[in-house]
Amino acid sequence: MSDGAVLAVRDLRTVFPSESGPVTTVDKVSFSLGAGETLAVVGESGSGKTMTFLSVLRLVPPPGRVIGGEVLFEGADIATLSASAMRSIRGAGIAMVFQDPLTALNPVFTIGDQMLEVIRAHTGMGPRQARVRALEVLERVHIPAPAQRIDDYPHQLSGGMRQRVLIAMAIALRPKVLIADEPTTALDVTVQAQILELLAELRSELGMGMVLITHDLGLVAKYADRVAVMYAGRVVETSPMARGFGQSRHPYTRSLFRSIPRLDLPADQPLTAIAGQPPDLARLPAGCAFEPRCFLGNGREDCRNERPALSPTTSDRHLSACPHWRTLLDAEPGA
Amino acid sequence: MSAEVLPDTTADTVPRARIVRRILGRYLRHPGLSLGLFVLVLLSFVAIAAPWLAPHGPTEADLMNTLAHPSGEYLLGTDQYGRDILSRLIWGARISLEVALAVVALSLTFGSAIGAIAGYAGGWVERIMMVCNDILLAFPGFLLALALVAARGSSLENVILAVSIAYTPRVAAVMRSVVITIRPRPFIEASRAIGMSSSRVLLRHVLPNALPPVIVVTTVSAATAILAEAGLSFLGLGVQPPTATWGNIISDGQGFITSNPLISLSAGLCIAVTVIALNLLGDGLRDTLDPQMRRYTGERML
């Protein structure tokens, strides 16, 4: 699974202590990402998408703690690196673009100051050289007239521009892996498309592995090579994107796909929602975490008693954590 | 009197010099801030130029003219040793401003450092630091300064040290609370994700964003420092006579408050004016440094 992968994660676990016992926000998550590949990570809020990648970067906010698993970056385990070695990986090896470009820049410094800081801290370049590099990357993310924009403060730029600046900062050090955490949720729809096109372009130009954390399945279909679906801190399905969601082999993925509002149905038709609530991570059922909300018919003994593991379905590239995935394929062709 | 200037969003068409002028204008148009600043600049000038401005030496006694009433020679009269009150007030400004400046420098440095580290580190580091800070805060500032001076002896350095120790916890408490509000902001997480070390994040990203409220608190604590020094000197625990300080002058004049009220009153007035000026400056900075507070509270007050 991890052959030639630039980033491979195995059995990653992160827990947060709470009054009702430890909460496992990332539960034995495994995935791998090849160079030049885009992996989409989808799931509803609180399913552990962001926390997984904060764990990879070892930036889990206290009191949370990574308690197990391997993180292989270019084949070497970075879970055991010293704090300062880890710092040089962040940004230069694995970079992250955050959700909200409106607040991810420091309001009291110009964007040039902030970019130079990052470049200089990692490369030891002089201020002049770093500025040249900053202008190059700003150009690369298609910011018009970068020489005029570089001395602007964040508040002088639009949301889309700020996201471009953040992407520029993230790629300034030519990382091998770019993690984009819902890079477009705070932006207008028209700008969203531009940003994603930009990310796709940069990925193929720079040959980065890219992780696209999102809950927008439309984006996934368009930009991802592979998709990992998370539920309650676990990966429940991974599949090559070429198969599409109609072929998905986990009832949660199916439900997620069905709950997308559709423009081709009458407007007065009620929207489809997944019944029930996301589970309380502190009180997960002994069996499958999705079992109480599953449309396959509740109450199957095996679903309740045993937590199903992620295992191969028809191909070993398509994994599902539902032992009844065959039933899904028989039930309805496509969603 | 003055219209609100909206933040400029088309800055690339406006030359920098004009932006600087506009920002300066925003500060100077605030009546409280400009008045406070004017008084303080004037006072600083007087303090610096004391040797040339003062008509007499601060300890120069004219024994033929003790307790003189105002005259051409002695504009504000003389005290019981025949020393010129005006000259002593001018020299006293030096001590007061020196104390204010030194206390601000010390408490701002140490208070910010303590507060920022505690707020940023969190966990048990924060607990321990803040418990110690709260213990110091629980003492009334002036009493603490009084006790410290009593223990260490009275000199200018000890007064500065004592008052600084008494007021550092206040700065630290404010700093910590501001840092706590900044720490969870995404740009802090973002700069950590891009490989910045904790100390760098703290110095470059947390501190500059935390400074405005701390500057305001420090301005006000400069006023309290002046009051504390005057109080200590008045009680004879501060800077020792015959050095001219405003507190000493009030203390000298209190025996003659009925016959020569001008001695104590003029020094008291100096203290009051300085303290009010510092408070106006603090309020003005509060209004102008925080865009959401930019409603010119000072204007209505005046």
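# Notebook: chains A and B

**Entry 1: A:Met169.** I began with one side chain and looked up what A:Met169 touches: leaving aside residues up to four places away in sequence, A:Gln114, A:Met115, A:Val118 and B:Ile194. The model is a predicted one. I then looked for the element that holds A:Met169, and found helix α6 of chain A, residues 159-171. Is A:Met169 buried or exposed? I counted 27 other C-beta atoms within 10 Å, and the cut-off for a buried residue is 20 or more, so A:Met169 is buried.

**Entry 2: where the chains touch.** The contact takes 25 residues from chain A and 20 residues from chain B. On the side of chain B that touches chain A, the elements giving two or more residues are α8 (186-193) and α9 (198-234) of chain B. Which element of chain B gives the largest share of that side? I found that α8(B) does, with six residues. By type, the residues of this side of chain B are eight nonpolar, seven polar and five charged.

**Entry 3: the core.** I looked up the largest nonpolar core, which has 165 residues. The residues with the most contacts inside this core are A:Ala168, A:Ala172, A:Leu178, A:Val211, B:Val163 and B:Ile226. The largest share of the core comes from α9(B), which gives 17 residues. I picked B:Ile226 and listed what it touches, again not counting residues up to four places away in sequence. The list is B:Ser96, B:Val99, B:Ala100, B:Ile271, B:Thr274 and B:Val275.

**Entry 4: chain B overall.** How many helices and strands does chain B have? I noted 12 helices and zero strands. The C-alpha trace of chain B spans about 75 × 50 × 30 Å along its principal axes. Chain B has 302 residues, and buried residues make up 44% of them. Taking the contacts in chain B with a separation of 6 or more, I found that 68% are between residues 24 or more positions apart.

**Entry 5: helix α7 of chain B.** I checked the length of α7(B), residues 156-182. Its 27 residues at 1.5 Å a residue should span 39 Å, and the end C-alpha atoms are 38 Å apart, so the two values agree. I then looked for a bend and found a kink of about 30° at B:Tyr167, shortly before the proline B:Pro169.

**Entry 6: strand β7 of chain A.** Next I looked up β7(A), residues 177-181, where five of five residues are buried. Side chains in a regular strand alternate between the two faces of the sheet. In β7(A), A:Val177, A:Ile179 and A:Asp181 point one way, A:Leu178 and A:Ala180 point the other way, and all are buried. Strand β6 (residues 94-97) of chain A runs parallel to β7(A), with four bridges joining them. A:Ala95 has A:Leu178 as its bridge partner in β7(A). β7(A) also pairs in the parallel sense with β8 (residues 209-214) of chain A, over five bridges. In β8(A), A:Gly209 is the bridge partner of A:Val177.

**Entry 7: an open sheet in chain A.** I noted an open sheet of four strands, paired antiparallel, in the order β2-β1-β4-β5 of chain A. Which strands stand at the edges? They are β2 (23-34) and β5 (76-77); each has a single partner strand, so one side of each has no neighbour in the sheet. Strand β1 (residues 5-16) pairs with β2(A) in the antiparallel sense over eight bridges. In β2(A), A:Phe31 is the bridge partner of A:Val9.

**Entry 8: backbone exceptions.** Most residues other than glycine have a negative phi, and most peptide bonds are trans. I looked for exceptions. A:Lys28, in strand β2 of chain A, has a positive phi of about 50°. A:Arg58 has a positive phi of about 55° and is found in the loop between α1 and β4 of chain A. A:Lys28 is partly exposed, with 17 other C-beta atoms within 10 Å. A:Arg58 is also partly exposed, with 17. A cis peptide bond joins A:Pro62 and A:Pro63, with omega about 10°. I placed A:Pro63 in the loop between α1 (49-56) and β4 (65-73) of chain A.

Definitions and conventions: Residues numbered from 1 in each chain as written. Chains lettered and ligands numbered in written order. Predicted model: local features only at pLDDT ≥ 70, side-chain atom pairs only at ≥ 80, totals over all residues. Buried ≥ 20, exposed ≤ 12 C-beta atoms within 10 Å, placed from the backbone. Contact = placed C-beta atoms within 7 Å. Nonpolar A, V, L, I, M, F, W, Y, C, P; charged D, E, K, R; others polar. Core = buried A, V, L, I, M, F, W, Y, C linked by C-beta atoms within 7 Å. Pairing = 2+ DSSP bridges. Expected span 1.5 Å × (residues − 1). Bend = angle between axes of the 7 residues up to and from the residue.
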